[in-house]
Amino acid sequence: DDRVDTKDGIDHINIYSKGQTELGRYLSNFAYSPIQTQDGGFNSIEGYWYWLYTHNDKLRILHGFKAKSVGEKLGKTITIDEYLFQNKIRNACWIKIHSNEYYLNMFARSSLPFRHYYVFNDFIKDAGGKWMLEMWESFRSYIKNGYEY
């Protein structure tokens, strides 16, 4: 079978909440992964992502599709510079990967390239997010080489 998702965990890691690898599911913004950011506590990157555009505190406790659906319903009520937004998400992801030793070790030992796509029955859709894929690759390189961020 040459479907790309059947190779998830074999020749790549799909960063996706329904991915085939435990690491790919954890790296997803949807994953329950409590973090403390400069903007306070959040239960997921997805909640933080939408909070940055709304400052609605109900997003602090949400994760998974619920965080996305609530965030989308709220809409963007706050304008944030894209560079600042990406920097805040990068910092939050750095905190996330360092907040769980089990996943940090799995992440540091991994070597397959990261991808990000959705799978709907037999349909595969590229999910974009190139800057985040590059971020995870660079974090892995930093960690493997013993650098501090």
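Tutor: Let us begin with N14, which has its place in strand β1 (residues 13-14). Helices (H or I, at least four residues) and strands (E, at least two) are DSSP runs, numbered from the N terminus. Keep in mind that this is a predicted model, where local features need pLDDT of at least 70 and side-chain atom pairs count only at pLDDT 80 or more, while totals for chains, interfaces and linings use all residues. Residues are numbered from 1 along each chain as its sequence is written, and side-chain values use heavy atoms, with hydrogens and water left out.

Student: Is N14 buried or exposed?

Tutor: Buried means under 20% relative accessible area, exposed over 50%, and partly exposed in between (1.4 Å probe, protein chains only). N14 has a relative accessible area of 1%, so it is buried.

Student: Which residues does N14 touch, not counting residues up to four places away in sequence?

Tutor: A contact means heavy atoms within 4.5 Å. By that rule N14 touches D8, G19, G24, R115, H116 and Y117, with residues up to four places away in sequence not counted. For Y26, 12 residues from N14 along the chain, the C-alpha atoms are separated by 11 Å.

Student: Let me try S44 next. Where does S44 lie?

Tutor: S44 is in the loop between β3 and α2. Its relative accessibility is 0%, so S44 counts as buried. Not counting residues up to four places away in sequence, its contacts are N29, F30, A31, S33, L62, H63 and A67. P34 is 10 residues from S44 in sequence and 6.0 Å from it in space, C-alpha to C-alpha.

Student: How should I read two packed helices?

Tutor: Two packed helices are described by the angle between their axes and the distance between the axes. Here α5 (residues 101-109) and α6 pack at about 95 degrees, with axes 9 Å apart. The axes are lines fitted to C-alpha atoms, for helices over the stretch in contact, and angles run from 0 to 180 degrees between N-to-C directions. The two helices are therefore roughly perpendicular to each other (under 35 degrees is roughly parallel, over 145 roughly antiparallel, 65 to 115 roughly perpendicular, and the rest oblique).

Student: Which residues of α5 and α6 meet?

Tutor: From α5 come L104, F107, A108 and R109, and they meet W136, F139, R140, I143 and K144 of α6. The residues of this contact divide into 6 nonpolar, no polar and 3 charged. Ala, Val, Leu, Ile, Met, Phe, Trp, Tyr, Cys and Pro count as nonpolar, Asp, Glu, Lys and Arg as charged, and the others, Gly among them, as polar.

Student: Which residues lie nearest the centre of the largest pocket?

Tutor: On a 1 Å grid over the protein atoms alone, a pocket is an open set of points where a 1.4 Å probe fits, with protein on both sides within 12 Å along at least five of seven lines; lining residues have an atom within 4 Å of a point. The largest pocket is lined by 23 residues, with F30, E46, K68, H116 and Y118 nearest its centre. Two or more lining residues come from each of α2 (45-54), α3 (64-74), β5 (117-120) and α6 (130-144), and α6 gives the most, 4 residues. By class, the lining has 14 nonpolar, 6 polar and 3 charged residues.
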